[in-house]
Amino acid sequence: MPELTYIGRIRTPWTRAEDCPRNAMETDVVCRVEVDAPYRAGLASLKTCTHAILLYWLDRAPRDVVTLTPPSDTVTHGVFALRAPGRPNPIGLAVVDIVAVEEDGLTVRHVDCFDGTPLLDIKPYFASVDSKPDARVGWHETRAKPLPPQGGRSKES
């Protein structure tokens, strides 16, 4: 079976679950994405991009979660309908604003993981194919604690 290769680490100010944002858009904190030396050539041309998708391994998350009741609801949902870190393969995803691209990594905004989280991949964000303005999560419309107005941020999201 093929193995995953960590290509670097994400540096954030968060070391405790209670301090870590519940979703990436909840924070504007500037964070550092360190790319290991063998993979730094892969950063070529990323300076022309304004946003990127980070994929990372949530190494401190449980891997035995299949259903979960989120703090914003009273209904139990399947983990594949949630963005919770605990899941069979705890892969995190964030669409980040690129603040700067350096020789050894990136400076970004909108990351929601612990300091030292292993980085799996960086992909450019293409608004032309990645944006789905009509997308919806139906259970959000009926959950116990409604979402804040569009564009608002909440610890419950």
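Here are some notes on the predicted model, point by point.

1. Ground rules. This is a predicted model, in which local features need pLDDT of at least 70, side-chain atom pairs count only at pLDDT 80 or more, and totals for chains, interfaces and linings use all residues. Residues are numbered from 1 along each chain as its sequence is written, and side-chain values use heavy atoms, with hydrogens and water left out.

2. Confidence. The mean pLDDT (the predictor's confidence in each residue, from 0 to 100) is 90 for the protein, and 92% of its residues reach 70 or more. The stretch to treat separately is residues 150-157, where the pLDDT is below 50; beyond near neighbours in sequence, this stretch has 21 contacts in the model. Contact here means heavy atoms within 4.5 Å.

3. Overall layout. Along the principal axes, the C-alpha atoms fill a box of roughly 45 × 35 × 30 Å.

4. Surface and contacts. The accessible surface comes to about 9,700 Å², and carbon and sulfur atoms hold 54% of that area. Areas come from the Shrake-Rupley method with a 1.4 Å probe; for residues, only the protein chains shown count as cover. Of the 157 residues, 37% count as buried, where buried means under 20% relative accessible area, exposed over 50%, and partly exposed in between. Among contacts with a separation of 6 or more, 76% are between residues 24 or more positions apart.

5. Strand pairing. Strands count as paired if DSSP finds at least two bridges between them. Strand β2 (residues 30-35) runs antiparallel to β1 (residues 8-11), with four bridges, and R11 has R32 as its bridge partner in β2. Five bridges also join β2 to β7 (residues 105-109), again antiparallel, with E34 opposite G105. Strand β8 pairs with β1 in the antiparallel sense over three bridges, G8 standing opposite L119. Five bridges join β8 to β3, and these two strands run antiparallel; here L54 faces I122.

6. The two faces of β2. In a regular strand the side chains alternate between the two faces of the sheet. In β2, C31, V33 and V35 make up the covered face, while V30, R32 and E34 make up the uncovered one.

7. The core. A nonpolar core is a set of buried Ala, Val, Leu, Ile, Met, Phe, Trp, Tyr and Cys residues joined through side-chain atoms within 4.5 Å. The largest has 26 residues, and those with the most contacts inside it are V33, L54, L106, V111, L119 and I122. Strands β2, β3 (51-57), β6 (91-102), β7 and β8 (117-124) each supply at least two of its residues, and the largest share, four residues, comes from β6. Leaving out residues up to four places away in sequence, I122 touches I7, V33, V35, L43, L46, A52, I53, L54 and L106.

8. Two backbone angles to look at. S45 and H110 each have a positive phi without being a glycine: about 75 degrees for S45 and about 80 degrees for H110. S45 lies in the loop between β2 and β3 and is exposed, at 56% relative accessibility. H110 sits in the loop between β7 and β8 and is buried, with a relative accessible area of 3%.

9. The loop between β2 and β3. A41 belongs to this loop and is exposed, at 67% relative accessible area. From A41 to R136 the C-alpha distance is 37 Å, for a separation of 95 residues in sequence. C49 is found in this loop too, and is partly exposed at 22%. C49 and P124 are 75 residues apart in sequence, with their C-alpha atoms 6.8 Å apart. Not counting residues up to four places away in sequence, C49 touches I98 and P124.

Methods
Buried < 20%, exposed > 50% of the residue type's maximum accessible area, 1.4 Å probe, protein only.
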